[in-house]
Amino acid sequence: MTFLKHAWYVAAHVHELAEGLVSRTICNEPIVMYRTESGAVAALQDRCPHRFVPLSMGKRVGDTLQCGYHGLAFDTTGACASAPNDPQQQARICVKAYAVEERYNIVWLWMGAPETADPALIPAFDFLSDTEHYAVARGYSHIKANYELLTDNLLDLSHVHYLHSGVHDEVHFSQFDNKLKVEGDTVWSMLWRNNYPLNPAKQKMMELPFPIVDGQGHSRWNPPANILVDTAYWQQGTSAQDGLRSPSAHLFTPETESTTHYFWASGRTNDIHNEPRTRVTEERMKLLFETEDGPMCEAQQAYLGTETDFLDAKPIILKADAAGVAARRVTRRKRREEAALFAGGTGGAAVLPEPDARPVSGDKLRVEI
Ligand code: FES
Ligand SMILES: [Fe+2]
């Protein structure tokens, strides 16, 4: 499977960088991230070109990252800033550097050549940094399944009625109105939960003292696999803006073809200063993803084995799969477009540089011994 290069992948929650160097494999590439003295986030290939040890075993020195083995140091562009034991080689040594953006309390990484990175393509997740209106629970789970299987999971919320007992027990998915909407590269699974029954416990939790409300659970997908689920419930006769909003982010970043970094977050507009409640939500979400959704997708992956495109395995497609299929189609189209760009077959359009053509290691260096 080829991963999209010209796309923003979530590489970390911002708070992770406060703890020092963060090493993470993304699309099969080992990457180390760190915050410089000036406060910017840098991302470099996590492999020293000398002896191929992880640079994350080294340390930050000023704005550079110094290898822990023999001291080669690299700046944020990947250029060698210091080669203490062989200064004459310094100008020829480098590692791959990645374009990074810090937005919505998320570190976003562009896997293509840095000069092709377009921050305008980062999808909006305003609630993640809107501390005035939202309390946000957030966390991370590692899932042993292909990232597109996780996308399918979030774009088909009919699974909630079977996999997550207690969430929508009083109502069946077929009572909801579910429609597909595709706008360019953006796919929506629009879900209206009108005439939604609230038991007394839910009324109390949502601060909506009504036995019947209206609701929505619209899922928005942007490539490669960043999903917003815009959930809200409100008193009938009013609007979503007047009710309880609880948007959630489900940000899937492939580690390898069969493993995924799952960055998740959920916001709420009520009781927003209640920190213990937010921590409890984090524990519940982690438990839900790691004991219910995660194992289901991992079992699916185990059956698929080395099959890397689920649609090639000819599954039965149900009505609620429409958005998942549409997202896979967008990804396939974008893969074809990238392949054409890298091959130069653009019919006159600008040819983007092949990301992997940049020097990434010292293995091309000739050393006189
Ligand atoms: S392995 Fe990094 S400097 Fe030798
Ligand atoms: Fe789920």
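Guide: Happy to; let's begin with a strand pair. S9 and strand S10 (residues 106-110) run antiparallel and share 5 bridges. Strands here are DSSP runs of E with at least two residues, helices are runs of H or I with at least four, and both are numbered from the N terminus. Two strands pair if DSSP finds at least two bridges between them.

Guide: This is a predicted model, where local features need pLDDT of at least 70, side-chain atom pairs count only at pLDDT 80 or more, and totals for chains, interfaces and linings use all residues. Residues are numbered from 1 along each chain as its sequence is written, with chains lettered from A and ligands numbered from 1 in the order in which they are written.

Visitor: In what order do the 3 strands of the open sheet lie?

Guide: The edge strands, each pairing on one side only, are strand S1 (8-13) and strand S9 (99-103). The pairing is antiparallel, and the order is S1-S10-S9.

Visitor: Is Ala240 buried, exposed or partly exposed?

Guide: Ala240 sits in the loop between strand S16 (226-235) and strand S17 (244-245). A residue is buried with 20 or more other C-beta atoms within 10 Å of its own, exposed with 12 or fewer, and partly exposed in between, with C-beta atoms placed from the backbone. Because Ala240 has 16 other C-beta atoms within 10 Å, Ala240 is partly exposed.
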